[in-house]
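Please look over the sequence and the 3D structure below before reading on. The report then goes through the chain part by part.

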Amino acid sequence: MSRTDHRLIQLAAMASADLQAEWQAYFGETAPTLPFSLLRRALAHHVQEIIDGALPAATERLLNVLARDPSARAPDPATRLKTGTRLLREWNGKVHAVLVTEDGFLLDGRQHASLSEVARSITGARWSGPRDHETYPDALPDPWMARRRECASELYGTLRIGREDRAARHAQTARNWTGFDAPCILFCHTPQFMVRAQWADMGIWLQTVMLLLQEEGLATCPQGAWAQAGTTIRELLDIPKDNILYCGLAIGHADPEAPVNALRTARAPLAESVRFVGV
Ligand SMILES: Cc1cc2nc3c(=O)[nH]c(=O)nc-3n(C[C@H](O)[C@H](O)[C@H](O)COP(=O)(O)O)c2cc1C
């Protein structure tokens with residue numbers, strides 16, 4: 001019988017007081033208030049880690065990546081990188097050096113769990129993912145997150161789509177791909193090398209186009225969703241490959257009978273977004 005088996009059998013036979021004493025011996029602190037079955041399992045896990053060794057760092061790293069993004073792909077074993085390898089990549093005229101470490105990848109003194117994270121930190125965009133650019137930060141704090149939820153709940157409420165009705169939600173999202181039945185869609189894109197200031201310019205430009213179209217009696221719906229289809233739209237419309245698709249703008253006549261067009265989303269009070277000084 002192996003040492004691990006022996007210790008696991010011992011643990012299985014222990015009464016509550018013994019398990020608590022065992023915990024104290026291993027961790028140097030009082031056992032947490034957990035059901036004894038869980039305490040036993042946690043100890044069994046720990047014992048196996050001590051005797052047989054913990055998960056290899058690469059496996060743990062992979063599990064952490066998958067926990068954050070279940071759609072992430074496991075690296076091909078043949079392409080795993082050795083600790084200490086230095087990777088050099090040029091982006092936007094600057095050479096970036098990444099050091100492969102036991103725990104991940106080191107870029108400019110900061111540790112990253114995956115190369116996708118490194119790429120994201122360099123470019124500010126999730127290039128390996130399907131989107132041309134992110135719509136929101138990963139962890140959007142309140143009040144923005146709360147407003148986003150409120151806006152979605154008002155939208156789906158107007159459309160009479162329940163919170164749990166995933167099929168109906170997907171069907172509604174899919175309506176983006178017909179521009180919500182608009183006869184015309186404008187696509188707004190920019191070369192990759194542009195920085196935040198030019199992205200702000202695009203927003204200003206888009207707003208002006210929307211106002212001008214409204215003056216002409218036309219309605220518009222900006223559609224960030226198109227950032228998911230950058231590759232297809234670039235191919236279809238002969239847009240240079242180095243351009244990022246910011247969004248689409250559906251243009252047409254609004255259906256006055258559609259309840260969704262009567263929705264006016266809530267606005268934060270002026271005092272929340274503007275601070276008047278000296279008045
Ligand atoms: C830049 C931008 C991108 C948007 N992307 C989408 C989208 O992809 N799909 C969608 O249904 N609504 C999208 N919206 C929201 C609608 O276009 C519209 O703004 C919303 O229905 C509420 O209108 P309001 O902003 O006038 O309150 C986007 C809005 C903006 C400003």
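## Basis of the model

This is a predicted model, in which local features need pLDDT of at least 70 and side-chain atom pairs count only at pLDDT 80 or more, while totals for chains, interfaces and linings use all residues. Residues are numbered from 1 along each chain as its sequence is written.

## Overall form

The protein chain holds ten helices and seven strands. Helices (H or I, at least four residues) and strands (E, at least two) are DSSP runs, numbered from the N terminus. The chain is more spread out than a compact globule, because its radius of gyration is 27 Å, well over the 19 Å that the globule rule gives for 279 residues. The radius is taken over C-alpha atoms, and the rule is 2.2 Å times the number of residues to the power 0.38. Along its principal axes, the C-alpha trace spans about 85 × 50 × 45 Å.

Of the 279 residues, 9% count as buried. A residue is buried if 20 or more other C-beta atoms lie within 10 Å of its own, exposed if 12 or fewer, and partly exposed in between, with C-beta atoms placed from the backbone. Among contacts between residues at least 6 apart in sequence, 55% join residues at least 24 apart. Two residues are in contact if their C-beta atoms, placed from the backbone, lie within 7 Å.

## Domains

The domain assignment gives domain 1 (3-52), domain 2 (58-123) and domain 3 (144-262). Such bounds come from an automatic or database domain assignment. Between domain 2 and domain 3, the C-alpha centres are 33 Å apart.

## The ligand site

Around the ligand are Asn176, Cys221, Pro222, Gln223, Gly224, Ala225, Cys247 and Thr265. A residue is near a molecule if its C-beta atom, placed from the backbone, lies within 6 Å of it. Strand E6 (residues 219-223) gives the most to this shell, with three residues.

The shell has four nonpolar residues, four polar and no charged. Here Ala, Val, Leu, Ile, Met, Phe, Trp, Tyr, Cys and Pro count as nonpolar, Asp, Glu, Lys and Arg as charged, and the others, Gly among them, as polar.

## Nonpolar cores

A nonpolar core is a set of buried Ala, Val, Leu, Ile, Met, Phe, Trp, Tyr and Cys residues joined through C-beta atoms within 7 Å. The largest has nine residues: Ala182, Trp226, Ala227, Ile244, Leu245, Tyr246, Cys247, Leu249 and Ala250. Another core lies apart from it and has five residues, among them Phe105, Leu107, Val118 and Ala119.

In helix H5, the residues Glu117, Val118 and Ala119 are buried. The buried residues of H5 pack against strand E2 (94-101), strand E3 (104-107) and strand E4 (110-112).

Leaving out residues up to four places away in sequence, Ile244 touches Asp132, His133, His189, Thr190, Gln192 and Gly230. His189 is in strand E5 and counts as buried because 21 other C-beta atoms lie within 10 Å.

## Backbone details

Which peptide bond is cis, with omega near 5°? It is the bond from Asp142 to Pro143. Pro143 sits in the loop between helix H5 (115-123) and helix H6 (144-158).

Phe180 is not a glycine, yet its phi is positive, at about 55°. Phe180 lies in the loop between helix H7 (166-174) and strand E5 (184-191). Asp181 also has a positive phi, near 70°, and is found in the loop between H7 and E5. Is Asp181 buried or exposed? Asp181 counts as exposed, because it has 10 C-beta neighbours inside 10 Å. Phe180 has 19 such neighbours, so it counts as partly exposed.

## Distances along and across the chain

Ala58 is in helix H4 (residues 57-68) and is partly exposed, with 16 C-beta neighbours inside 10 Å. Ala58 and Arg89 are 31 residues apart along the chain, and their C-alpha atoms are separated by 22 Å.

Ala271 belongs to helix H10 (residues 270-273) and is exposed, with 8 other C-beta atoms within 10 Å. From Ala271 to Glu164 there are 107 residues in sequence and 35 Å in space, C-alpha to C-alpha.
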